[in-house]
Amino acid sequence: MKLNIAVLPGDGIGPEIMPQAIHVLDAIAKKFGHEFVYHEAICGAHAIDVCGDPFPDDTFKTCMDADAVLFAAVGDPRFDNDPTLKVRPETGLLAMRKKLGLFANVRPVATFDCLLHMSPLKESIIKGADFMVIRELTGGMYFGEKYQDNDRAYDTDVYSRPEIERILKVAFETAQRRNHHLTVVDKANVLASSRLWRQIAKEMEPQYPDVQTDYMFIDNCSMRVLTDPRFFDVIVTENTFGDILTDETSAITGSMGLQPSASLGDHTPLFEPVHGSWPQAAGKNLANPLAQILSAAMMLEHFGLKAEGALIREACNESLLQNIRTPEIQVEGGNHYGTTEVGQWITNYVASH
Ligand code: IPM
Ligand code: MN
C-alpha cells in the first residue's frame with residue numbers, strides 16, 4: 001500500500017518523538033512491502049516564529065493532499081502567560097481540527113500488564129481495564145461564541161442536532177465493534193446542550209438494539225473511571241468534558257507518554273499522542289516516544305493494516321517488558337533509556353520479527 005503521510009512534529013518534544021515513529025514506519029514499510037511517503041509541514045509555535053500563523057495555508061494544503069496526518073504536539077510557554085495574545089500555538093491546533101473536519105477524537109485507554117504497579121491506582125482495580133473515550137472535537141465551548149472585556153467574559157457551549165448525531169453514530173458503531181456497551185456522558189441535570197445530547201441519544205438507541213446504552217453525569221463518570229474503570233467499554237462525550245476526562249483516564253496507565261489517539265471526520269484522518277509538547281523536556285532526549293509510535297500503529301490499523309499495527313504494538317509491549325523505558329516509567333535501579341534509544345530498540349524489533 002502507498003500512503004502519503006503529512007508529518008507535523010510541532011513544538012517541544014514533538015521534533016524528538018516524531019522521528020522515532022518514522023523510523024518504525026520505515027521498518028514496517030520495508031518488511032511488508034509498503035511505500036510510505038512523508039510530507040513534513042510546520043505548525044504551532046514553530047510556525048508562528050516562521051510565518052506568524054500556527055496553522056499556515058501551506059500546512060493545511062499538505063494535510064488535505066495527504067492520506068493521513070501524523071501529528072506530535074504544539075505548545076510553548078512563551079505564549080502561556082499573556083492573556084491578550086490572539087495568536088497561540090493552540091489556536092493552530094483548533095484551526096486544524098476545524099478545517100479538516102475532525103469531529104471525532106478517539107482515545108483508547110488500555111493498561112499494560114507490566115506497568116500496572118506504576119499506576120497511582122490499585123492494580124486490582126485497573127487490571128483488565130480497556131475502554132475507548134470518544135470525544136466530540138469541533139463543537140461546544142471550544143468553538144462557540146466567546147466574549148471578553150475587563151468585567152465580563154463568556155464561552156458558549158453550543159451543539160446542533162447534526163453535530164450530535166454524527167458523533168453519536170461513531171460512538172454506537174464503535175460499541176458495536178467492541179463489547180456493545182455505550183455510556184453517554186453529559187451534565188443533563190444542568191446544561192441545555194447536554195439535554196439535547198441525551199434526547200438525541202435516546203432517539204438513536206433503537207437503531208442499535210445490540211448496544212447496551214447507559215447515561216452518566218460527567219461528575220459521576222470522573223469518579224467511576226477511577227473507582228471502576230472496567231465498567232466502561234465506549235464513552236462518548238462533548239468536547240470540554242472529553243478533554244478533561246482523557247487527561248484523567250491517562251493516569252490509569254501510569255504515564256501520559258503511552259496514550260495514542262485518532263481524530264476522524266470529513267477530511268484527512270489525524271493521529272496524535274494524547275500528551276502535549278512538554279517544553280521542559282525539549283532537547284533532553286527524555287520523552288517517551290511510545291504514544292507517537294502507537295499513534296502510527298493506529299494510523300496503519302485505520303487503513304486496514306492489522307498485522308503491521310499488531311507488530312508495532314508487540315514491539316512496544318516487549319520494550320516495556322524488557323525495561324527499555326524512558327525515565328518516567330523506569331523501575332527503581334533500572335537503566336534509563338532516552339527517546340532515541342527506545343525508538344531504536346522498537347525499530348530493531350520490528351525489523352527483526
Ligand atoms: C488536547 C489538548 C488541546 C485541547 C489543547 C492543546 C488545545 O489539551 O488535545 O487534549 O484542549 O483539546
Ligand atoms: Mn487535553
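**View 1. The shell around ligand 1.** Its residues divide into one nonpolar, two polar and two charged. Here Ala, Val, Leu, Ile, Met, Phe, Trp, Tyr, Cys and Pro count as nonpolar, Asp, Glu, Lys and Arg as charged, and the others, Gly among them, as polar. The residues around ligand 1 are G75, E90, L93, D243 and G276. A residue is near a molecule if its C-beta atom, placed from the backbone, lies within 6 Å of it. The model is predicted: local features need pLDDT of at least 70, side-chain atom pairs count only at pLDDT 80 or more, and totals for chains, interfaces and linings use all residues. Residues are numbered from 1 along each chain as its sequence is written, while chains are lettered from A and ligands numbered from 1 in the order in which they are written.

**View 2. A73 and its strand.** A73 lies in strand β3, residues 68–73. Strands are DSSP runs (E, at least two residues), numbered from the N terminus. A73 is buried, because 29 other C-beta atoms lie within 10 Å. The cut-offs are 20 or more such atoms for buried, 12 or fewer for exposed, and partly exposed in between, with C-beta atoms placed from the backbone.

**View 3. The contacts of A73.** Leaving out residues up to four places away in sequence, A73 touches G10, D11, G12, I13, G14, P273, H275, G276 and S277. Contact needs C-beta atoms, placed from the backbone, within 7 Å. One of these partners, G276, also belongs to the surroundings of ligand 1.

**View 4. A73 and I17.** These two residues are 56 residues apart along the chain. Their C-alpha atoms are separated by 9.8 Å.

Technical notes:
Helices (H or I, at least four residues) and strands (E, at least two) are DSSP runs, numbered from the N terminus. Two residues are in contact if their C-beta atoms, placed from the backbone, lie within 7 Å.
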